[in-house]
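Please look over the sequence and the structure below. A guided walk through one chain comes after them.

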Amino acid sequence: MISSRIRRLWNAYAPEIVVTILLILAFVISGWREPRFLDAAYLFDRSTLYTEIGLLTLSMTLIIVAGHIDLSVTSIIAFVGAIIATLYSRYGIPFWLLIPLAPVFGGFLGAVNGYFVARRNLPSLVVTLATMALYRGMAQILLGDSSLMTPPDYTGIERVTLPHTYLHTPLVIWITLCLVFAALLHRTVFGRYITVTGVNPEAALYSGVPVAQTLIRLFTLSGAMAGVCSVLLLSRLGVARYDHARGWELDVITAVVLGGTSIFGGRGTIYGSVVAFLLITIVQTGMGVAGVKAEIQVTAIGLLLLLAVLLSRLTTGRK
Amino acid sequence: MKKLRFFLMAFGASLTLLAGCKPDTPPASPTATSATPPTTATEAGTTTATTSAPAGKVRVVYIPKNTGNPYFDGVVKGFEQASKEIDIDFSTTAPAQPDPTAQISFIKDEIQRGANVICITPNSVDALNSVFDDARAKGVKILTVNADLTGNESHRDGAILPTDFDKLGANQIELIGSLMKYTGKFAILSATADAPDQNFWIKGMKEALKDPKYAKMELVGIVYGDDKDQKSVTEAEGLLTKYPDLKGILAPTSVGVAAVAKVVESRKVADKVIVTGLGTPNTMRRYLKDGIIPAVALWSPPEMGYIAAYASFGMSKGDVKMTPDASFKTGKMGSRIVGKNGVVIAGPPLVFTKDNVDKYDF
């Protein structure tokens with residue numbers, strides 16, 4: 001009876017279970033091999049470095065569950081940052097006015113992706129590969145090779161913690177949005193539309209799912225999240241540059257796939273992505289504080305991904 | 001429903017795992033933690049020194065731009081040389097890619113690992129400001145090596161720069177001038193047309209040429225090889241064709257000078273055209289020994305690392321202040337004077353010839 005329930009749970013959530021076990025293992029091994037790892041102040045402080053990747057993991061999960069990909073998110077971070085910094089330092093617009101505009105700019109850039117994917121029926125891989133270069137290029141046109149500073153009193157959001165805890169502001173934002181995105185994917189009609197679109201877009205369309213509208217909203221949401229990340233990154237670094245956040249989209253996709261979301265769409269949980277993201281963070285932190293060389297860190301993440309995928313597939317016989 | 005329940009349960013579990021409620025007593029400081037006995041595993045792939053430094057030893061780490069860059073291997077050699085002479089525990093680590101923010105996690109990790117001094121060749125002049133501030137608030141000294149945080153000097157304790165770049169142009173003109181006996185036509189083969197370093201040096205060269213000493217030398221042209229081998233070869237061949245009486249080519253770029261040497265060798269004009277510029281001993285050794293080129297100059301990365309190690313040691317012990325006009329001793333390299341903004345110049349460029357090139361390995 002119990003074993004059959006476990007069996008059913010395993011069949012449904014093998015990847016999530018695998019990454020959860022790996023996360024616990026990574027934590028225990030890191031703490032055991034490296035005493036300097038077990039320092040809450042250090043762990044929470046260092047995790048703020050992954051704020052933007054953690055946030056993008058949430059929206060990327062939705063995109064991939066819908067059977068698509070968004071490679072342009074990190075370019076949107078750089079471009080929105082460039083727009084905001086330019087408006088602030090060259091046109092003197094108050095910075096506090098620009099902060100709420102960041103998700104709006106980001107959302108617009110995401111909607112452009114959505115338009116080409118949903119209305120023009122172009123593959124999202126191609127569209128966002130193009131806008132990845134386009135938005136990065138426009139950021140460089142705006143800023144050149146120079147950097148623009150943000151106001152000093154806006155810098156350092158990652159140093160502000162919730163009273164009496166180690167929870168830095170970006171972590172609080174991330175945890176809140178984890179819950180919001182979990183509810184969005186697993187509890188709302190929009191979330192259902194995303195999943196059925198990912199399972200089979202044509203069947204979804206004939207069942208009355210507004211596929212195009214869902215996709216446009218989804219890419220807009222992805223862009224808006226990148227906009228939020230942009231203002232957080234500006235605060236963390238205190239400076240806008242065209243080459244910030246470059247290459248992070250691959251870290252984001254790695255976390256989503258490691259968390260059990262099918263790259264072909266139709267299957268995935270926010271929980272899996274969140275745990276996979278924490279797993280990568282913990283593994284990198286553990287190796288970092290143990291002084292493991294960068295090339296070995298990269299290799300380990302690659303092996304981890306392969307291992308997790310193999311473990312969850314072999315035993316369930318999932319194709 | 002089941003899905004959600006499972007999700008909430010597991011999510012809660014993971015939060016509990018991570019929940020960091022701050023204890024009322026302050027947690028052990030990084031330095032206190034690092035004083036624990038060195039039980040740390042030295043597993044394969046860890047850096048040379050993973051265990052905690054014994055009391056009294058100064059822990060110095062050097063973070064270059066990225067791994068696998070031979071130039072920075074030279075700097076590391078200098079640090080290693082110095083660490084045999086003074087009581088420092090040296091290690092080096094770097095990100096895989098030279099991205100502007102990639103060094104941040106390495107800095108945080110090294111603070112946690114108990115570094116006393118972090119020497120770094122920064123990938124960004126401003127994105128590292130806040131992590132440098134954190135490190136210094138915890139008593140860790142920050143010393144930039146090879147490049148400075150131009151405009152943000154207040155975020156680091158000092159800087160060790162390879163050579164006095166203001167004088168490099170004049171230095172190069174004197175080098176080619178002495179080789180050409182101060183007479184004849186010569187040309188410059190540079191990197192890209194908008195390379196800031198080379199353009200700054202070329203400005204210095206033109207300035208230096210106004211000296212009556214160089215009155216019989218004529219700069220006939222400047223060409224750009226874009227720091228690409230093939231383009232540099234083509235441009236050098238163009239120069240030789242256009243100016244049959246050319247006596248010298250000055251290439252202040254390591255890619256360029258190697259390409260020009262190759263052209264002079266294949267055209268068999270080494271006895272007529274003098275080639276010199278900036279290049280590393282390892283890439284130019286063959287041309288120097290075969291008599292294709294008489295000499296080539298470059299500042300010495302190992303010397304820079306060596307001096308940075310001595311500066312780090314002194315700063316950590318409190319003997320060296322990186323304030324203008326202060327000075328400190330650097331073992332066999334003599335003493336160095338701290339300049340404006342806490343900048344220390346490692347030394348004038350070294351000149352490599354067939355006689356001394358084997359003494360250098362970088």
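What follows goes from the whole chain to its sheets and then to its helices.

This is a predicted model, in which local features need pLDDT of at least 70, side-chain atom pairs count only at pLDDT 80 or more, and totals for chains, interfaces and linings use all residues. Residues are numbered from 1 along each chain as its sequence is written, while chains are lettered from A and ligands numbered from 1 in the order in which they are written.

Start with chain B as a whole. It holds 11 helices and 14 strands. Both are DSSP runs numbered from the N terminus: helices are H or I with at least four residues, strands are E with at least two. Of the 362 residues of chain B, 49% count as buried. A residue is buried if 20 or more other C-beta atoms lie within 10 Å of its own, exposed if 12 or fewer, and partly exposed in between, with C-beta atoms placed from the backbone. Two residues are in contact if their C-beta atoms, placed from the backbone, lie within 7 Å. Among the contacts in chain B with a separation of 6 or more, 72% come from residues 24 or more positions apart.

Now the six-stranded sheet. This open sheet of chain B has the order β2-β1-β3-β4-β5-β13, with parallel pairing. Two strands pair if DSSP finds at least two bridges between them. Axes are lines fitted to C-alpha atoms, for helices over the stretch in contact, and angles run from 0 to 180 degrees between N-to-C directions.

Follow the pairs in this sheet. Strand β1 (residues 58–63) of chain B runs parallel to β2(B), joined by five bridges. Here Val60(B) stands opposite Phe90(B) in β2(B). Helix α3(B) packs on the sheet and touches β1, β2 and β4 of chain B. Its direction makes about 160° with that of β2(B). Strand β3 (residues 117–120) of chain B pairs with β4(B) in the parallel sense over four bridges. Cys119(B) has Leu143(B) in β4(B) as its bridge partner.

Why is β4(B) largely enclosed by the rest of the structure? Five of the five residues of this strand (residues 141–145) are buried, so the rest of the structure largely encloses it. Lys141(B), Leu143(B) and Val145(B) point one way, Ile142(B) and Thr144(B) the other.

Next, the four-stranded sheet. It is open too, with the order β7-β6-β8-β9 (chain B) and parallel pairing. Its edge strands are β7 (217–224) and β9 (274–277) of chain B. Strands β6 (residues 184–190) and β8 (residues 246–251) of chain B pair over four bridges. Phe186(B) has Gly248(B) in β8(B) as its bridge partner. Helix α6 (residues 165–179) of chain B packs on the sheet, touching β6, β7, β8 and β9 of chain B. Helix α9 (residues 254–266) of chain B lies across β6, β8 and β9 of chain B, at about 170° to β9(B).

Finally, return to α3. The axes of α3 (residues 70–83) and α11 (residues 301–317) of chain B come within 6 Å and cross at roughly 45°. The two helices are therefore oblique to each other. Angles under 35 degrees count as roughly parallel, over 145 as roughly antiparallel, 65 to 115 as roughly perpendicular and the rest as oblique. Among the residues that meet are Tyr71(B) and Phe79(B) in α3(B), and Met304(B) and Tyr310(B) in α11(B).
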